[in-house]
Amino acid sequence: MGNQRSITVNGDLGSGKSTVSVGLSERLQLRRISVGDLYREMARERGMTALQLNLHAELDDVIDGTVDQMQREIAESGQRVIMDSRLAWFFFTDGFKVHLITDPTVAARRVLGRPANEVENYATLEEAKDQLRSRSESERQRFLTRYHADKHALRNYDLVLDTTRARPEEVIDLAVAAIEGRLGAEILADSPPLLLLDPARIYPTGDISALRGMPDTETLAGPDALEPISIGYADSRFFVVDGHRRLSAALRAGFRMVAGTLLAQDNDPVVGGLSAREFFASTVTMSKVYDWQEAHGTELEMPAHALASVHS
């Protein structure tokens, strides 16, 4: 095996972080360390529930500081492990960093499907979505304040994997292939992250009419048969910069995952002096999204700027 680095796995609740980290531990025969388990052990030692410890940690930096120091010491020890932690990517500077994402509604459904506990107990899907969003943003602000580390910045990671529709074993197989250098090696070496995204969640920026003369999708053996798509990322939405034909081919072939390279995120420049946010706002229109959905049988959430343009 060429890659002898530790592997960190992070992602918001419902992204599959625990499932994937356990699977990687089994496949790669590496010890798995879960920061969630560390917090639960600290709660037991203090005679608290996990919820009580979480609430206490918001007021007392010592709690987070203790767990963070544990992660630093593990990273500095040189032992190769799987770290299931939302912030391990920051401490394991030489690690292989896996970031899991998923559609917020899917994440909320997954969390609702778990047995209720004192930390996660939601009455409705909308309540779960709202609470997960608030919890994620609160955590992001805490990391920014404490370490100036932004978990939303995709360039912090080696591999970004969308678990929305992919089966757990498929996600684990792809992650192992990337870790072992059998998938996306050039991107990982030259311009990480390697993006493995759900093609049904990527927005078009071009007209569907430009896709005439598509190749026969039956000739595509799998997602790795396509060249990676050039991707932009703005306010948690992925969009095509170059590669509409490849994206369309992936959708027509029924692929749940497609490879991509990250060209720009948020305020990074894309083309013509436009940032990723500006490019997304100027090229993703209601008509393009509707035409794309009709051609491929997909459903994308209409961006606010596209809705506003219709009513303006």
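E169 is partly exposed, at 44% relative accessibility. Partly exposed means between the two cut-offs: buried is under 20% relative accessible area and exposed is over 50%, with a 1.4 Å probe and protein chains only. E169 forms a salt bridge with R167, and their closest N and O atoms are 3.3 Å apart. A salt bridge here is a side-chain nitrogen of Lys or Arg within 4 Å of a carboxyl oxygen of Asp or Glu. R167 is partly exposed as well, with a relative accessible area of 41%.

This is a predicted model, where local features need pLDDT of at least 70, side-chain atom pairs count only at pLDDT 80 or more, and totals for chains, interfaces and linings use all residues. Residues are numbered from 1 along each chain as its sequence is written, and side-chain values use heavy atoms, with hydrogens and water left out.

Salt bridges that share partners join D12, R86, E139 and K151 into one network. Within it, the side chains of E139 and R86 meet at 3.6 Å, N to O. This pair links distant parts of the chain, 53 residues apart. E139 sits in helix α7 (residues 125-147), while R86 is in the loop between β3 (81-84) and α5 (88-91). Helices (H or I, at least four residues) and strands (E, at least two) are DSSP runs, numbered from the N terminus. E139 is buried, with a relative accessible area of 11%.

Now turn to D198 and R165. Their side chains meet in a salt bridge at 2.9 Å, N to O. The two residues are 33 apart in the chain. D198 lies in the loop between β6 and β7, and R165 in the loop between β5 and α8 (168-179). Which of the two states, buried or partly exposed, applies to D198? D198 is buried, at a relative accessible area of 1%. R165 counts as partly exposed, at 39%. In the whole structure, a search finds 22 salt bridges.

Next comes the sheet. It is open and has 10 strands, in the order β2-β3-β1-β4-β5-β6-β10-β8-β9-β7, with mixed pairing. Two strands pair if DSSP finds at least two bridges between them. Strands of a sheet pair through backbone hydrogen bonds, either parallel or antiparallel. The edge strands are β2 (31-34) and β7 (202-203), and each pairs on one side only.

I7, V9 and G11 point one way from β1. T8 and N10 point the other way. In a regular strand the side chains alternate between the two faces of the sheet. β1 runs parallel to β3, joined by 3 bridges, and T8 stands opposite M83 in β3. β1 also pairs in the parallel sense with strand β4 (residues 96-101), over 5 bridges. There, V9 has V98 as its bridge partner.

Elsewhere in the sheet, strand β5 (residues 159-162) pairs with strand β6 (residues 194-197) in the parallel sense, over 3 bridges. L159 has L194 in β6 as its bridge partner.

The structure holds 9 aromatic pairs. Rings of Phe, Tyr and Trp (its six-membered ring) pair if their centres lie within 6.5 Å; planes under 30 degrees apart count as stacked, over 60 as edge-to-face and the rest as tilted. F90 and Y147 form a tilted pair, 5.0 Å centre to centre with 35° between the planes. F90 lies in helix α5 and Y147 in helix α7, so the pair ties together parts that are 57 residues apart in sequence. F90 is partly exposed, at 29%, whereas Y147 counts as buried, at 14%. F239 and F280 form another tilted pair, 5.5 Å centre to centre with 45° between the planes. F239 is in strand β9 (residues 237-242) and F280 in helix α11 (residues 276-283), so this pair ties together parts 41 residues apart in sequence. F239 is buried, at 0%, and F280 is buried, at 6%. One aromatic cluster is formed by W89, F90, F91, Y147 and Y157.

The axes of helix α2 (residues 35-45) and helix α4 (residues 61-77) come within 11 Å and cross at roughly 130°. That makes α2 oblique to α4.

Note on methods
Axes fitted to C-alpha atoms, helices over the stretch in contact; angles between N-to-C directions. Parallel < 35°, antiparallel > 145°, perpendicular 65-115°, else oblique.
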